[in-house]
Amino acid sequence: MAVWQEVVDAGTLSVMVGHILQPAYSKYINPELKDEEILPATLSREILQGLLRGKLGFNGMITTDATPMIGFNTPMKRSQAVPAALSAGCDMILFNKDIREDYQFVRDAIADGRLTMERVDEAVTRILAMKAAMNLPEKQEQKTLVPGEEALSVVACEEHRAWTRECADQSVTLVKDTQNLLPVSPEKYKRIRLYLLEDRLVGGFKDGDSAIGQFKEKLEREGFEVTLFDYSRPDFQEMFEGGVADIKGKFDLAVYVACLDTASNQSVRRIDWLHLMAADAPWFLNDVPAMFISIANPYHLVDVPMIRTLINAYTPTEEVVDQVIDKMMGRSEFKGISPVDPFCGIWGAEF
């Protein structure tokens with residue numbers, strides 16, 4: 001609450017409301033509310049009017065989250081939900097299914113009194129007020145709505161990259177190293193088998209390209225001999241016939257790097273080992289040491305509690321990759337403090 005109060009007090013012009021239930025706040029605002037009457041925030045008068053407008057004092061424009069989402073469509077029929085969001089206090093609808101159909105849902109609600117023209121006028125006024133506050137009409141007239149090259153040059157400028165490096169340095173977290181593996185060096189572990197655990201199917205909304213593929217080149221620059229596990233052509237000899245001697249003859253250290261980030265419609269991410277014999281799983285870790293680096297998700301110990309060296313790095317950028325390598329080689333100390341329970345409450349994960 002304190003964070004959002006600060007956001008409102010700073011003069012934020014618009015707030016996007018999620019399709020999430022807030023039962024405690026809903027009942028705080030309306031103690032008479034029954035459990036079955038609690039609605040997602042985008043449809044809730046208690047959250048929109050009582051909490052956001054009332055308690056927090058927000059006077060800007062409220063927009064829904066994307067209305068094709070499950071959380072918006074399952075509490076009631078869409079023909080009811082679209083006008084209900086406006087009636088409850090949302091000023092703008094984000095994304096539609098059939099926009100002509102949604103317009104008709106609004107017209108029907110105005111015609112039968114579920115949605116008043118007074119509320120529609122208020123919503124339109126807030127939208128126009130935000131455009132005016134941002135000088136959008138003037139910028140459109142001056143053809144400056146889209147920033148020019150000079151304005152865009154600030155993106156990824158050296159100052160911003162320095163901030164990124166500093167954030168990476170401060171955030172990379174050593175979760176555990178119970179086998180005393182770190183620091184590593186080419187003298188101790190010349191041959192590395194590198195496993196890149198990442199999305200192999202497209203889908204969902206991602207923040208951007210991952211820097212996970214840079215690990216091989218950067219480790220090779222440090223003097224390691226790096227062999228990628230080839231997911232496109234699994235080694236059937238290794239899979240069905242190779243034993244401990246075979247693995248030890250190929251590499252000195254296994255490094256798993258995971259970039260399995262959450263995204264729209266991918267809120268739960270688990271490690272999905274190769275379905276054929278789980279050929280990429282670290283079955284050998286009592287004979288060849290293994291370490292695990294996550295650059296997107298801090299909860300992977302739920303699937304690899306047996307891993308004895310684990311680093312969480314949170315963000316798949318080149319600056320993070322550089323900091324991880326510096327720290328795993330002992331050139332920089334680990335400064336990060338885990339913001340969550342990386343052991344996931346699992347017995348044995350801390351060992």
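User: Which residues touch the most other members in the largest nonpolar core?

Analyst: This is a predicted model. A nonpolar core is a set of buried nonpolar residues joined through side-chain atoms within 4.5 Å. Here the largest one has 31 residues, and Val184, Phe215, Met291, Ile293 and Met328 touch the most other members.

User: Which strands and helices each supply at least two residues of this core?

Analyst: The strands are β5 (191-198), β7 (253-259) and β8 (290-294), and the helices are α11 (214-221) and α14 (318-328). With five residues, α14 gives the most.

User: What does Val184 touch, leaving out residues up to four places away in sequence?

Analyst: Val184 touches Tyr189, Phe224, Leu253, Met328 and Met329. Met328 is also listed with Val184 among the residues that touch the most other core members.

User: How many residues are in the second, separate core?

Analyst: That core has 27 residues, including Val175, Ile247, Ile307 and Ala349.

User: Now the sheet. What is the order of the strands?

Analyst: Strands of a sheet pair through backbone hydrogen bonds, either parallel or antiparallel. In this model, six strands form an open sheet in the order β4-β9-β8-β7-β5-β6, and the pairing is mixed. Strands β4 and β6 (225-228) are the edges, each pairing on one side only. From one strand to the next, the twist averages 20°.

User: Are the faces of strand β9 covered or open?

Analyst: Look at the side chains on each side of the strand in turn. For β9 (residues 309-312), both faces are covered. Thr309 and Ile311 lie on one side, Leu310 and Asn312 on the other, and all four are buried. Buried here means under 20% relative accessible area.

User: Which strands does α11 lie across?

Analyst: Helix α11 lies across β5, β6, β7 and β8, and runs at about 160° to β6. The angle is taken between N-to-C directions.

How values were computed: Residues are numbered from 1 along each chain as its sequence is written. This is a predicted model: local features need pLDDT of at least 70, side-chain atom pairs count only at pLDDT 80 or more; totals for chains, interfaces and linings use all residues. Side-chain values use heavy atoms; hydrogens and water are left out. Buried means under 20% relative accessible area, exposed over 50%, partly exposed in between (1.4 Å probe, protein chains only). Contact means heavy atoms within 4.5 Å. Two strands pair if DSSP finds at least two bridges between them. Axes are lines fitted to C-alpha atoms, for helices over the stretch in contact, and angles run from 0 to 180 degrees between N-to-C directions.
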